[in-house]
Every structure is written in C-alpha cells, then in structure tokens.
Amino acid sequence: MAELRILLIDDHALFQSGMRLVLEAGLPGVKVTKADGIEQVMAQSGEAPSLVLLDIQLQGMGGMDGLVLLKQRWPDVPVIMLSSAADDETVSLAMSKGASGFFSKSGTAEKIIALIHDALGIHTPQAAPEPPKPRLTPRQFEVLMLVNEGLSNKAIARRLELSEFTVRGHVQAVLVLLNASSRSQAIFAARGAGLLA
C-alpha cells in the first residue's frame, strides 16, 4: 500500500498534538503534516496528501470555504471535517460541499480511524476480536482520573493522602498498562480503551 499521508488543518496546538497521537496509534506508518489554516496550505506547493482532516472553526478563512478550495486543488483527495458542533444542518452543508465524512471532536479515537478507513476505502477485517481493556486496580483508576484532571503527582498525593513516591509508582504502572510513554499519551490511550469519557 502507498504511504499514507494525512494533512491535519487545525489551529489548536493541543488538539493537533492529541489527534496526531491518535492517528499514529491507529494507522501504523502514517505521516501526519499539520497546518494552522487554509492560507498556509494554499501557499505551499508539493505532493497532494492521501487525506485531509479539516477543522470548521479556523482563524482567517473558515473550514467550509476552505473545503471548496481544497476540493478544487485536490479533487480526488477525501476531506473529513472536524467540529465541536455536529448538528444536522452543519453536517449536511459540509457533505454538500464535498466532504467525505464528518467527525465530532467529542468522538472516540476508534470513530476517527473508522472514518478515515471508510474515506480511503481501507477494509478492516471484522473477525479480529477487540483487545481486552487494560485492567487497572481501583487505586490506579483513581490516579488516572486525577491525571486526566491535570493534577501533578504532588497534588494527587495530597488529594489521596498518599506519599508522592507511592503516587509516582501508581502513575508508572498506569503508563505501562496503557502502553504509553507520557501522561498525555496515557489519557488518549485510556479514552481509546473506553476507560475515560
């Protein structure tokens, strides 16, 4: 299969980083290029991406107008719209302008990967069973919830009345169980596994 190149157009750095982690975890070998706006993309030359993820709410030119320009430039490249508002009217408008799919930013990692597979015509075998959810102890789950709230080890230790050393051990165990190398990766992995909403 040809190299999978995804262009992510979104002006929120945190969302960009999180989405990149999701794409790299769900699409092995994917190359993700990021841009903050339509103007930046249109000013660049180069090979067309395999697929575009385009946020509707952008600084400067909005995503809906940008979608029209992108479809003119790369008619055969599927574009999936990203939005925190996924009402029927917005979805219909995006699809009428040529979008291949629509993803609500409150959706799951599995959902965006499935949308990308659909847009690219990648058929995934259905027979493979779902991997079991990582089994965290009640205390590890408690620590994960507080990591998700953005608390430091010291703040978690205070909240749970534990030593900072003990909390560090729990955090390390959570990272190992979720196959993550950082706290932010652990949060994304936990969301992908349905452990966090």
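Me: Where does Ser45 sit?

Reply: Keep in mind that this is a predicted model. Ser45 is in the loop between α2 (38-43) and β3 (51-55).

Me: What makes Ser45 exposed?

Reply: Exposed means over 50% relative accessible area. Ser45 has 72%, so Ser45 is called exposed.

Me: And how far apart are the C-alpha atoms of Ser45 and Met61?

Reply: They're separated by 19 Å, with the two residues 16 places apart along the chain.

Me: On to α6. Which of its residues are buried?

Reply: In α6 (residues 138-148), that's Gln140, Val143, Leu144, Leu146 and Val147.

Me: How do you know that the buried residues of α6 line one face of the helix?

Reply: Look down the axis of α6: the buried residues fall within an arc of 165 degrees, so they line one face. As background, an α-helix has 3.6 residues a turn, so residues three or four places apart point the same way.

Me: What covers those buried residues of α6?

Reply: The cover includes α7 (153-160), α8 (164-177) and α9 (183-192).

Me: What does Val171 touch, leaving out residues up to four places away in sequence?

Reply: Val143, Val147, Asn153 and Arg183. Contact here means heavy atoms within 4.5 Å.

Technical notes. Residues numbered from 1 in each chain as written. Predicted model: local features only at pLDDT ≥ 70, side-chain atom pairs only at ≥ 80, totals over all residues. Heavy atoms only, no water. Buried < 20%, exposed > 50% of the residue type's maximum accessible area, 1.4 Å probe, protein only. Helix = DSSP H or I, 4+ residues; strand = E, 2+ residues; numbered from the N terminus. Arc of directions from axis to C-beta.
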